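Q: I am new to this structure and would like to learn how to read it. Could we go through it feature by feature?

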Amino acid sequence: MRQAPSQKAPPKAPPAFHVLVKPTGAVCNLDCKYCFFLTKERLYPGSPFRMADDVLETYIRQLIEAHRTPEVTISWQGGEPTLMGLDFFRRAIEIQDKHKKPGMTVRNTMQTNGVLLNDEWGAFLREHNFLIGLSVDGPRELHDAYRVDKGGHGTFERVMRGLRVLRKHQVDVNILTTVNAANADHPLDVYRFFRDEVGTEFIQFIPVVERDNETGFQEGTKVTGRSVTAEQWGRFLIAVFDEWVRRDVGRVYVQMIDVALGNWAGAPPTLCVFSPTCGNALALEHNGDLYACDHYVEPNYLLGNIKERPMVDLVASPSQRRFGRDKLDRLPGYCRACAVRFACHGGCPKNRFIATPDGEPGLNYLCAGYKAFFTHVDRPMRIMTWLLRKGRAPAEVMRILAAEETKEAKGPAVFAGARRNAPCPCGSGRKFKQCHGRGSPP
Ligand code: SF4
Ligand code: SF4
């Protein structure tokens with residue numbers, strides 16, 4: 001049998017990159033109404049949609065060879081990856097162990113709808129330290145609005161059962177929540193459900209922006225009625241942020257807020273959507289076809305097949321580097337002049353299909369929401385950045401904001417003449433010098 005290609009990283013290859021691998025292609029056991037991936041089945045007519053062993057080994061070997069970092073992450077996604085069955089993943093671990101470089105850590109993450117999870121899965125996922133991204137859209141009525149099975153029935157109960165399995169086996173779980181027309185006006189119901197009832201510490205919100213066309217590709221400017229509007233998206237994020245910044249800093253991690261704080265603090269970008277450029281988050285289909293991005297699994301963005309050309313060459317190819325640079329090069333003038341560009345960077349190119357107020361194409365459909373959110377969070381973000389620079393915990397922002405609100409409510413006269421070591425007049429129980437008498441944040 002001909003050995004699939006293997007090669008040293010070309011000079012333009014990034015030291016690390018991310019590939020969402022779809023062992024079942026687009027095939028899923030559910031029929032979520034907003035799923036952009038179900039239409040992708042048309043790309044491979046007649047395919048069994050199961051990753052063969054030689055593709056699996058080629059992928060893992062090439063990914064490990066291509067990384068010049070001590071850690072590699074393998075991200076299983078779909079469709080629904082658990083449809084492959086446990087033996088497929090046992091084999092994947094075996095291959096990882098075979099090809100791992102000395103001292104290298106290989107991590108596995110899996111995005112799943114959770115309905116097939118049982119104790120056997122739970123024990124396996126725990127044993128191999130999988131990080132699970134579980135798709136839940138909120139409490140039952142909001143979740144069941146769009147996340148239905150092939151018979152059109154809600155899946156909430158089954159997903160919660162899957163979550164209980166994961167909890168029982170102490171598997172690490174992130175909640176992945178799409179924000180769509182059904183739940184967008186209920187931000188606090190959604191957030192508090194996850195925080196108080198599910199008890200999650202990690203939440204990722206993903207806006208549903210679903211183009212309304214026949215192809216299922218990123219074409220046209222019409223969106224479906226299931227999509228979130230820009231204004232809803234902004235209001236949703238602001239409501240969640242306001243709750244979080246008053247109660248949950250340091251104990252609940254909301255990806256969008258975390259990434260924003262990183263951008264305020266000037267840290268290297270961690271999420272492609274809010275980075276100046278992208279192109280290092282690709283998608284691998286079940287047959288070895290590599291695409292520019294999970295959102296661009298379309299013929300025009302097919303880079304090649306990893307059985308014919310090493311993955312690292314495809315990642316470093318001029319067309320993929322151009323794809324990544326286009327995020328910056330095609331930024332409209334309106335974004336370039338935007339006060340929150342440093343945090344937003346124009347968002348994801350897949351959503352840049354509206355015109356700016358002066359008629360330039362290429363503005364993000366969610367722009368109004370991003371602008372409202374990033375503007376709203378500016379001061380708390382500056383406080384948290386200031387705290388970080390002083391070596392203090394960002395969670396102190398909660399006390400600072402509470403103190404300011406008390407000060408506003410009680411009036412500044414209460415604090416006039418307060419002694420440094422006396423109890424603070426705001427009633428916090430702390431000394432004045434450790435409360436309202438403390439050095440002022442920005
Ligand atoms: S197109 Fe969007 S999702 Fe894809 S890599 Fe670029 S920013 Fe990320
Ligand atoms: S908020 Fe709007 S104008 Fe500003 S960078 Fe983002 S998409 Fe562009």
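Q: Which residues surround ligand 2?
A: This is a predicted model, in which local features need pLDDT of at least 70, side-chain atom pairs count only at pLDDT 80 or more, and totals for chains, interfaces and linings use all residues. Residues are numbered from 1 along each chain as its sequence is written, while chains are lettered from A and ligands numbered from 1 in the order in which they are written. A residue is near a molecule or strand if its C-beta atom, placed from the backbone, lies within 6 Å of it. Around ligand 2 stand Tyr334, Cys335, Cys338, Val340, Arg341, Cys344, Gly346, Gly347, Asn364, Cys367, Tyr370 and Lys371.

Q: Which helix gives the most to the shell around ligand 2?
A: Helices (H or I, at least four residues) and strands (E, at least two) are DSSP runs, numbered from the N terminus. H13 gives the most, with three residues. Helix H11 (333-336), helix H12 (341-344) and H13 each supply at least two residues of this shell.

Q: What surrounds ligand 1?
A: Its shell is made of Cys272, Val273, Cys278, Ala281, Cys293, His295, Lys327, Cys348, Pro349 and Lys350.

Q: How do helix H7 and helix H13 pack?
A: Two packed helices are described by the angle between their axes and the distance between the axes. Axes are lines fitted to C-alpha atoms, for helices over the stretch in contact, and angles run from 0 to 180 degrees between N-to-C directions. Helix H7 (residues 230-247) and helix H13 (residues 367-376) have axes 6 Å apart, at an angle of about 25°. That makes H7 roughly parallel to H13, a term for angles under 35 degrees.

Q: Which residues of H7 and H13 meet?
A: Two residues are in contact if their C-beta atoms, placed from the backbone, lie within 7 Å. Ala230, Glu231, Trp233, Gly234, Leu237 and Ile238 in H7 meet Cys367, Ala368, Gly369, Ala372, Phe373 and His376 in H13.

Q: In what order do the strands of the open sheet lie?
A: Strands of a sheet pair through backbone hydrogen bonds, either parallel or antiparallel. Two strands pair if DSSP finds at least two bridges between them. Here 10 strands form an open sheet with mixed pairing, in the order S7-S6-S5-S4-S3-S2-S1-S8-S9-S10. Strand S7 (253-254) and strand S10 (302-305) are at the edges with a single partner strand each, so one side of each has no neighbour in the sheet.

Q: How many bridges join S5 and S6?
A: Strand S5 (residues 172-179) and strand S6 (residues 202-207) pair in the parallel sense over five bridges. Phenylalanine 205 in S6 stands opposite threonine 177.

Terms used: Parallel < 35°, antiparallel > 145°, perpendicular 65-115°, else oblique.
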